[in-house]
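Here are some notes to read alongside the model. Please keep the sequence and the 3D view open while going through them.

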Amino acid sequence: SVMAMGLLGKETKVQIKNNLFLDPMTFGADTALQRQYDFLETGETYSDVIVNRANQVMIYHQRDTSATSVDNTLQFTISNNWYAYTKAITDTWALLNQFNPTLHAPSPLTRFIQSKVSADAFTKVDPFSFKNVPHTMEGMVYWNLSPLPTGAGENSSGGTDFKDFDRRLTTYFRDTLDCSYSTALPEYSAATGGYPLGDLNWFPTKKAAWEAAGGWTDVKTISNAVPAQFSLEQNYPNPFNPTTKIIYSIPKESKVRLEIFDILGRQVETLVNNSQQAGSYSVDFNASKLTSGVYIYKLTTQDYVLSKKMLFMK
């Protein structure tokens, strides 16, 4: 899996949250020439490992290296993404290191993007399995990266022992493919609001609950000016039915959690759970799934905890 965002325009806002990846970039961040060209547009190389080879990553954009670069105006909100590699793939990489000692797992983000988001934007976790998906491509990986006579090797026309991958017909992907995973895994409740990470289409009940709650919360940037202090304003309108707006400000980049609790202190919603740049933000809260009553909204960062009450009246 590779996400190539192309050349982003001025002040583009990119959000990548609550994703779940299994065996992203199966072939690894290797140095084979035939897999370099798509990554050179990042402008990043492994100059400290091997000269003129691209920094191969899971997610990247085309860098604007001109004098009028718009890169510094880009806003990245990247948080709570998990990824894992199966043992079959990591064992194959270890085996291939005899031929290519620089073969390794790719970094999730380019160094440029990583410099603009928190270090935990992507978290590597223990391997897991989807319910019904094609077999991993370790045979194809080994064939492609090992030299003749058994493999293709770099700059060769192919080996004598081709290892095909698990090819499937369109009907399989339409009718049989199932990317759900065990509900006992922590991934099942790790997304914002306690939903499963990844594609909710594989968990119809959870998707229905998510849609009833209004979907993902849309956090809007009010101002990029650096506020003087942390603040949490009174929601407006208040009392409200069923939606209200919450505005908060942070004077420096912070890991932000904005949560809703009932009067008994039970968490009922997580509106924000990611790192944000200094600025002022607004969030719309939809309480249509809740009962009338007093609720508490709480803003938590590494430096401050602020909370206020609001009244929901149906």
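This is a predicted model: local features need pLDDT of at least 70, side-chain atom pairs count only at pLDDT 80 or more; totals for chains, interfaces and linings use all residues.

1. Overall make-up. The protein has five helices and 16 strands. Taken along the principal axes, the box filled by its C-alpha atoms is roughly 75 × 50 × 30 Å.

2. Inside and surface. Of the 314 residues in the protein, 44% are buried. The accessible surface is about 16,100 Å², and carbon and sulfur atoms account for 52% of that area.

3. Contacts along the chain. Consider the contacts between residues at least 6 apart in sequence: 66% of these join residues at least 24 apart.

4. Charges. There are 28 positive and 30 negative side chains in the protein. The centres of these two sets are 7 Å apart.

5. Buried residues of H1. Which residues of helix H1 are buried? Within this helix, which spans residues 87–96, they are Ile89, Thr92, Trp93 and Leu96. These four lie on the same side of H1, because they cover an arc of only 100° around the axis. To count as buried, a residue must have under 20% relative accessible area.

6. For exposed residues the relative accessible area is over 50%.

7. Cover for H1. What covers the buried residues of H1? The cover includes helix H3, residues 138–145.

Terms used
Residues are numbered from 1 along each chain as its sequence is written. Side-chain values use heavy atoms; hydrogens and water are left out. Buried means under 20% relative accessible area, exposed over 50%, partly exposed in between (1.4 Å probe, protein chains only). Helices (H or I, at least four residues) and strands (E, at least two) are DSSP runs, numbered from the N terminus. The arc is that of the directions from the helix axis to the C-beta atoms. Contact means heavy atoms within 4.5 Å. Accessible areas come from the Shrake-Rupley method with a 1.4 Å probe; for residues, only the protein chains shown count as cover. Lys and Arg count as positive and Asp and Glu as negative; His and the chain ends are not counted. The place of a charge is taken as NZ of Lys, CZ of Arg, CG of Asp or CD of Glu.
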